[in-house]
Amino acid sequence: MADGDVAFFLDTSTQISKTWEDEKIRHYLNNKLSQKPCYSSVYVKNEYKLNILNNAILVYNTTVDSVTLDDAESRLDELMKKIGRRPDELPYKIFRRLFKQYNSKPPFLTKLEKIIELAWKNFFYGHIEKTLFNLVECNSAQDNPRKKENGYIGITSRCSSGCEIDDFLKSQQSALKILANIDDAKLDRINDPKGTLQKIKIVSTAILGGASPHGKLCKEMSDAVISLEAETSWPGIILHSMDSDFKLLGEVLNIPTYVHSKHKILNNQ
Amino acid sequence: MGKILLKKHISTSFQQDDLPLFKDEWARQQLQRHTHELDQYRAEIRDIKAILSDQLKNVKTEWKNQISNQSILISRSIDVPINIKTTFEKLEEDFSDFSNRIVWCNELKDCLSKFEEELEEYDAKYLSWFVSTLKDVFSYNYAETITEEQLDLLKNGVETIYEKQENCDKDSFAEYHLQLVESGLSLLPNTQKAIDEFGE
């Protein structure tokens, strides 16, 4: 990227939406993204991998373990309801449609195999610069999907050695202090409906107090890590997200952030 | 001394005379017990033999099936149906005619879908991925939205399945799949066409 170019840094929600969302949102989004060079990071890729692969593997294993596709679909619906997932959540929504496309298990499973073993990566790299930023040296979710008996073993979020999150956050001490001191009045139900920033505030305070940011804490403040990585990756780069949490984070940290709302896109159509 | 000896002798002889009787009874009982145990062991061995024999038969049958399936997979070469190629040629010829384009795209979807199902019998994973991906293009994208540039890319895919057949490999598929993704064609059921067909 040349100096002065303005580019987008795509977060995990954008990366998922650009491929997995329905046509209306996808077209609007890809049209916006095509106006600037798009970048992403290894940290985002690992989050994406965990989400897409583990969802696909769950669908695959449930199907293998079911007599028919109908059985598999209803078992999956039950399971998703149990863990509090909505049927319109991505990528689950798309997998439910796949059930309707096929009449028998074998070609359905072949299609999932293709997504699990290869396609997910191309969906991630599609329309972005192929070299990813890696300021955190993130190495979570490093396992490749592998089969055991008839199913796949899920990908764990476990981190391998060599991660440099602590060094990265040491270089971001002033940002951590800002996060640890977010005004509680800002963290109401309107600004922080999912409680994400409240959690980031607690984790930032813990890290400043000497707690190791590796593993669980890193994952709990992943939105903040992505925001800081975006800002540090290139001057003037704009963090692009489909998740409203990033709007408040951008305001608090003074990071250029562009957040698209799915509802607004659909209403403007 | 003689008395003593006699007594001793008598005493000894008494014991000796009595011993066979005692031994016989004890031996009889032991023999009976051991015979019974032996019968039990024999019965158990018979049962185990029967179980093992059954299991061996099953394993043999399974092996035979596996070997015969493998020989089918290995020996049967894949004939890519010619109608995929001929229909694609018709699509190219009639590409500017929207009504015919829709007809040929639908026919291609059907041909590819049928071949995709047939391929389940073969050991041709990456050929199957090529075929299912091409089918996805025609299943999820409305014919009228396909551009000439995308058509060229689809032609490459069709040519690959005829040229490489079961020799299609992961690397060539990965490269081709990324080209399709970046061409703007949707490879997932998230298009209006897919929603119209499969529902929300």
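This note sets out numbered points on a predicted model with chains A and B.

1. Basis of the model. Residues are numbered from 1 along each chain as its sequence is written, and chains are lettered from A, with ligands numbered from 1, in the order in which they are written. Local features need pLDDT of at least 70 and side-chain atom pairs count only at pLDDT 80 or more, whereas totals for chains, interfaces and linings use all residues. The model scores ipTM 0.93 and pTM 0.82.

2. Confidence in chain B. The mean pLDDT (the predictor's confidence in each residue, from 0 to 100) of chain B is 82, and 80% of its residues reach 70 or more. Residues 1-19 of chain B have pLDDT below 50 and, beyond near neighbours in sequence, zero contacts in the model; two residues are in contact if their C-beta atoms, placed from the backbone, lie within 7 Å. Residues 71-75 of chain B also have pLDDT below 50, with two contacts beyond near neighbours in sequence. Where pLDDT is low, the predicted coordinates should not be read in detail.

3. Fold of chain B. Chain B has seven helices and zero strands; helices (H or I, at least four residues) and strands (E, at least two) are DSSP runs, numbered from the N terminus. Among contacts in chain B with a separation of 6 or more, 70% are accounted for by residues 24 or more positions apart.

4. Domains of chain A. An automatic or database domain assignment gives domain 1 (11-163) and domain 2 (164-256) of chain A. Their centres, taken over C-alpha atoms, are separated by 25 Å. In contact are 16 residues of domain 1 and 19 residues of domain 2. On the domain 1 side, α1 (12-20) and α3 (42-64) each supply at least two residues. That side comprises eight nonpolar, five polar and three charged residues. Here Ala, Val, Leu, Ile, Met, Phe, Trp, Tyr, Cys and Pro count as nonpolar, Asp, Glu, Lys and Arg as charged, and the others, Gly among them, as polar.

5. Strands of chain A. Strand β1 (residues 8-10) pairs with strand β5 (residues 238-241) in the parallel sense over three bridges; pairing requires that DSSP finds at least two bridges between two strands. F9(A) stands opposite L239(A) in β5(A). Three bridges also join β5(A) to the parallel strand β6 (residues 257-259), where T257(A) is the bridge partner of L239(A).

6. Interface between the chains. Contacts link 23 residues of chain A with 21 residues of chain B. α1, α2 (23-33), α5 (92-101) and α6 (105-125) of chain A each supply at least two residues, and α6(A) gives the most, with ten residues. The chain A side holds nine nonpolar, six polar and eight charged residues.

7. Backbone geometry to inspect. A cis peptide bond, with omega about -5°, joins L90(A) and P91(A); P91(A) lies in the loop between α4 (69-82) and α5 of chain A. A141(A), a residue other than glycine, has a positive phi near 50° and is buried, with 21 other C-beta atoms within 10 Å. E149(A), also not a glycine, has a positive phi of about 55°, but E149(A) is exposed, with 8 other C-beta atoms within 10 Å. E149(A) lies in the loop between β3 and β4 (151-153) of chain A.

Note on methods: Buried ≥ 20, exposed ≤ 12 C-beta atoms within 10 Å, placed from the backbone.
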